Amino acid sequence: MDNQNKPEPQIQQPKAEIIPAKNQPPQQSQQQNQRKKTYRRYYNNRKKFRPPSGEPNQPPQQIQNFSFKKISIIVPFFNEEESLRPLYNEIKKTLRGISSDYEIIFVDDGSSDKSLNVVKELARVDNKIHYYSFRTNYGKSAALQVAFNNVSGDAVITLDADLQDDPAEIPNLLKKLEEGYDLVSGWKKKRYDPIVKKFSSKFFNYITRLFTKVKIHDFNCGLKAYRKQVVQNIRVYGELHRYIPVLANWKGFSVSEIIVKHHPRRYGKTKFGITRFFKGFVDLITVIFTTRYIKRPMHLFGFVGLLTALAGFIISAVLAYEKIIYGTGIGNRPLLFLGILLIIVGIQFFAIGLLGEILVHNFQDENEYVINEKK
C-alpha cells in the first residue's frame, strides 16, 4: 500500500496550474498590446488597400518624388503625452512614401506631464528626430519660431500634436507647394470641435479676411507647408502664429490653401479658451499695424490726428460764429470743451506719427526687405 501511494505526490494540482500560466502574457505585455490596438483607431476613416479581384497584389504605398531635397516636419506640443507616439508612427508611415530626405523637430512648450520623455525615447531609436524643450510655457508662437530658426529642409511642414491633424495630408501640401506657391495652409472644412470653437473660428476667420484681404478660410489651421525662404523671413511671437499667412503675404510670398482632413480629439483637453478669442482680435490689430504702417506710421497717426483736430476745429468755429453773430454765451456749453479736447488729441496723434517716422528713419534695416533674385 505504501508503494502504491508514492507516485501520487508527484502529480499535484498546483503543477497543472503552472503550465498554462507560462503561456499567459505578463501584465505589461497586455498593456502594450492594448496600446497598439488603441493606436490603430486614431484615423478611423483610413481604409486598407485591397486590389480588385483577379489582379495581383500591388504595393500598398508608392514612392512619390518631389523637387524638395529635404523636408522638415515641425510638431509643437504641450502636455500631449498619449498622442505623441501614435502621431510619430503616422508621420513615419507617410514619409516612407516620399523620396525626399526628412527631419522631425519636436518642440516641448514647457509640458508638465511625461511628453518630453516620450520624445526622448523616440529620439534614441530614430536619429531623424530633433527636439527642443522650454523650461516654461511660452506659447505656440515661440515654439514655432525656435523650430523655424533651426530647420534644415527646403520645405517645412507644421502640424499639431493632438492627432486632429492628419499626417497623410503632407504629400498633398507638398504637391500644392510645387505648383509655385510659397505657403499652403490647410482648411478644416469639416471640423470636429465644440460648437463654441467652430462659431468663434468662423467669425474670427471672416474678420481676418475682411481686414487683411488674404482670401483663405482657415488662418489658424496647424497643418501648413512653407518654403524655407518663408520661415526665414517671418517672425512670430505672442499669439501671432494665427496670422502667419498674413505675415507671409505682407512679405510678398504667395499664399494658397487646400482642404484637409480633421479628426476628433482623442486625448487630453483642448487648449482653446474664451480669453484666446479676445487675444486674437488684439493680435489682429497688431498684425494690421505691423503689416501696413510699421514703415509709415505717419499714415495712420497723422490721418487720425488730422481728422480729430479737424472735427474739433469745426465745433469751435460753429460756437465762435454763434458768439459773434448772435451773442450766444458759450462759456458753459459742453461742445466748447469737446472742441478744445478734439483739437488737443488731434495734435497729439499727429506728434506721435512724426515721432514714429523719426524712429523708422533712424533704425532702417535693409535686411528687412526680402530679395527674390539678384545678380
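Helices, in this text, are DSSP runs of H or I with at least four residues, numbered from the N terminus. The model shown is predicted.

View 1. Of its 375 residues, 38% are buried. Take the contacts between residues at least 6 apart in sequence: 82% of them join residues at least 24 apart. The chain exposes about 23100 Å². Carbon and sulfur atoms supply 56% of that area.

**View 2. Helix α12 carries Leu310, part of a nonpolar surface patch.** The helix spans residues 298–325. Leu310 makes the patch together with Phe313, Ile314 and Val318. The patch covers about 390 Å². Is Leu310 buried, exposed or partly exposed? Its relative accessible area is 46%, so Leu310 counts as partly exposed, a class that lies between the 20% and 50% cut-offs.

**View 3. Seven strands form an open sheet.** The strand order is β3-β2-β1-β4-β6-β5-β7, and the pairing is mixed. At the edges are β3 (129–133) and β7 (255–259), each pairing on one side only. Neighbouring strands are turned by 20° against each other on average, direction ignored.

**View 4. Strands β2 and β3 run parallel.** Strand β2 covers residues 101–108. Five bridges join β2 to β3. Asp108 stands opposite Ser133 in β3.

**View 5. Helix α6 packs on the sheet.** This helix is formed by residues 140–148. Which strands does α6 touch? They are β1 (70–77), β2, β3, β4 (155–158) and β6 (224–227). The direction of α6 makes about 155° with that of β1.

Terms used
Residues are numbered from 1 along each chain as its sequence is written. This is a predicted model: local features need pLDDT of at least 70, side-chain atom pairs count only at pLDDT 80 or more; totals for chains, interfaces and linings use all residues. Side-chain values use heavy atoms; hydrogens and water are left out. Buried means under 20% relative accessible area, exposed over 50%, partly exposed in between (1.4 Å probe, protein chains only). Contact means heavy atoms within 4.5 Å. Accessible areas come from the Shrake-Rupley method with a 1.4 Å probe; for residues, only the protein chains shown count as cover. Patches are made of residues with over 30% relative accessible area and no salt bridge: like charges are joined within 9 Å, nonpolar side chains (Val, Leu, Ile, Met, Phe, Trp, Tyr) within 5 Å. A salt bridge is a side-chain nitrogen of Lys or Arg within 4 Å of a carboxyl oxygen of Asp or Glu. Helices (H or I, at least four residues) and strands (E, at least two) are DSSP runs, numbered from the N terminus. Two strands pair if DSSP finds at least two bridges between them. Axes are lines fitted to C-alpha atoms, for helices over the stretch in contact, and angles run from 0 to 180 degrees between N-to-C directions.
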